[in-house]
Amino acid sequence: MRYQSPVSRRDFIRLSATGALLSHPGRLLAQEPLPTRRIPATGEEIPIVGFGSTKAVLEIPEEGIEAIDNVIRMLLQYGGRVVDTSPRPEEVDRPFGSVLQDPDLRDRLFIAAKIYVEGEQNGIDQMRQNQRLFGRQTLDLVQVESLRDLETHWPNLRAWKDSGEARYIGATVFLDQDHEALEAFMRRESPDFVHLNYSVAETRAEQRLLPLAQERGMAALINRPFMNGTFFQAVANRPLPEWAAEFDCETWAQFSLKYLLAHPAVTCVLTETTNPLHMEENIAAGLGRLPDEATRRRMREVIGQL
Ligand SMILES: NC(=O)c1ccc[n+]([C@@H]2O[C@H](COP(=O)([O-])OP(=O)(O)OC[C@H]3O[C@@H](n4cnc5c(N)ncnc54)[C@H](OP(=O)(O)O)[C@@H]3O)[C@@H](O)[C@H]2O)c1
């Protein structure tokens, strides 16, 4: 399986329309499905690379839904399912929800939704809006985003799990400074999922949170695998080490993703993109070999020198 540089997102849309993309060299040659990992709470398996929708959803007012639709279709093509969402104003989440409700996609997705607001009633209203706009009475995962007003919302998340409106529940952070608060929550409660920041250049999660998730039987979703894109600025114009080929890594994006996927506590890495071919490149990181511990140390050294 080889991966080559992607065409741009606009080219993707143009080439898709003409059918020319089918023969583009950027396509993966093997149609291997993404591997899956177990959610400890139930044993259900989910694919190890998912889609973080933030950037694509925020661009809907200017760009429409075409990019998001293409990215999700690319994910599904390789057996991916996990789509992470965050509550947005109705004028944005309504068109996004229309993609999530497309009959071709609807029942194949694992939708992770969030509550991100102060106050109990506001949290309930956000849950109802997620259900209404995403067209689902049952959401696969409901998370308290960035621990915001966690103590207020958590009893309601537990009630939604009991009533079958949330299949799994959890909480998220995206900053190292919130790890201690997430750790205290993980010791106090029993979320099915934790969702946290981790990248080859931002490895604090390895110290306490990931081992604790393993010990306590919690699935781990990862955000910021590319530090919201700053990772690519750091590695720009630098050659990928030749030894990356030893674990089937062909690009810097895959270098970061394979580092994360090699951690045994990681269940699924979310990658945010507006470009379906970046999605495909990121999916390819989930295929083939992963680095062993000695290689991961070497990878950290390479990134530490930048
Ligand atoms: N508190 C929370 O719950 C929280 C906070 C932050 C993030 N998240 C979740 O995590 C997801 C990931 O977000 P993030 O902010 O951490 O972003 P990220 O995935 O670390 O980086 C996204 C950036 O990388 C670029 N990119 C993606 N794949 C690429 C590739 N193969 N080659 C080159 N560039 C590539 C994207 O641009 P292109 O569009 O050009 O591909 C985008 O600018 C979010 O969407 C969200 O679901 C959750």
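## Helices H4 and H12

In this predicted model, helix H4 passes helix H12 in a right-handed crossing, a crossing being right-handed if the near helix is turned clockwise from the far one by less than a right angle, and left-handed if anticlockwise. H4 spans residues 66-77, and its axis comes within 8 Å of that of H12, at roughly 25 degrees. Axes are lines fitted to C-alpha atoms, for helices over the stretch in contact, with angles from 0 to 180 degrees between N-to-C directions. H4 is therefore roughly parallel to H12; angles under 35 degrees count as roughly parallel, over 145 as roughly antiparallel, 65 to 115 as roughly perpendicular and the rest as oblique.

On the H4 side the contact is formed by Asn70, Val71, Met74 and Leu75, and on the H12 side by Pro276, Met279, Glu280 and Ile283. Two residues are in contact if their C-beta atoms, placed from the backbone, lie within 7 Å. The classes in this contact of H4 with H12 are six nonpolar, one polar and one charged. Ala, Val, Leu, Ile, Met, Phe, Trp, Tyr, Cys and Pro count as nonpolar, Asp, Glu, Lys and Arg as charged, and the others, Gly among them, as polar.

## Helices H6 and H7

The axes of H6 (residues 120-133) and H7 (residues 150-163) come within 9 Å and cross at roughly 40 degrees, so the two helices are oblique to each other. The crossing of H6 and H7 is right-handed. H6 contributes Glu120, Gly123, Ile124 and Met127 to the contact, while H7 contributes Thr152, His153, Asn156 and Trp160. By class, the contact of H6 with H7 holds three nonpolar, four polar and one charged residues.

## The protein as a whole

The protein has 13 helices and ten strands. Helices (H or I, at least four residues) and strands (E, at least two) are DSSP runs, numbered from the N terminus. Of the 306 residues, 45% are buried; a residue is buried if 20 or more other C-beta atoms lie within 10 Å of its own, exposed if 12 or fewer, and partly exposed in between, with C-beta atoms placed from the backbone. Among contacts with a separation of 6 or more, 76% join residues 24 or more positions apart.

Residues are numbered from 1 along each chain as its sequence is written. In this predicted model, local features need pLDDT of at least 70 and side-chain atom pairs count only at pLDDT 80 or more, whereas totals for chains, interfaces and linings use all residues.

## Surroundings of the ligand

The ligand is surrounded by 28 residues, of which the closest are Gly52, Thr172, Phe174, Asn223 and Arg224. Helix H2 (54-58), strand E10 (268-272) and helix H12 (276-284) each give two or more residues to this shell. A residue is near a molecule or strand if its C-beta atom, placed from the backbone, lies within 6 Å of it. The shell consists of seven nonpolar, 15 polar and six charged residues.

## Residues in loops

Gly286 lies in the loop between H12 and helix H13 (293-304), and it is buried, with 25 other C-beta atoms within 10 Å. Its C-alpha atom is 6.6 Å from that of Val49, although the two are 237 residues apart in sequence.

The loop between helix H10 (230-235) and helix H11 (252-261) contains Thr251, which is buried with 20 C-beta neighbours inside 10 Å. Asn237 is found in the loop between H10 and H11; this residue has a positive phi of about 65 degrees although it is not a glycine, and it is exposed, with 4 other C-beta atoms within 10 Å.
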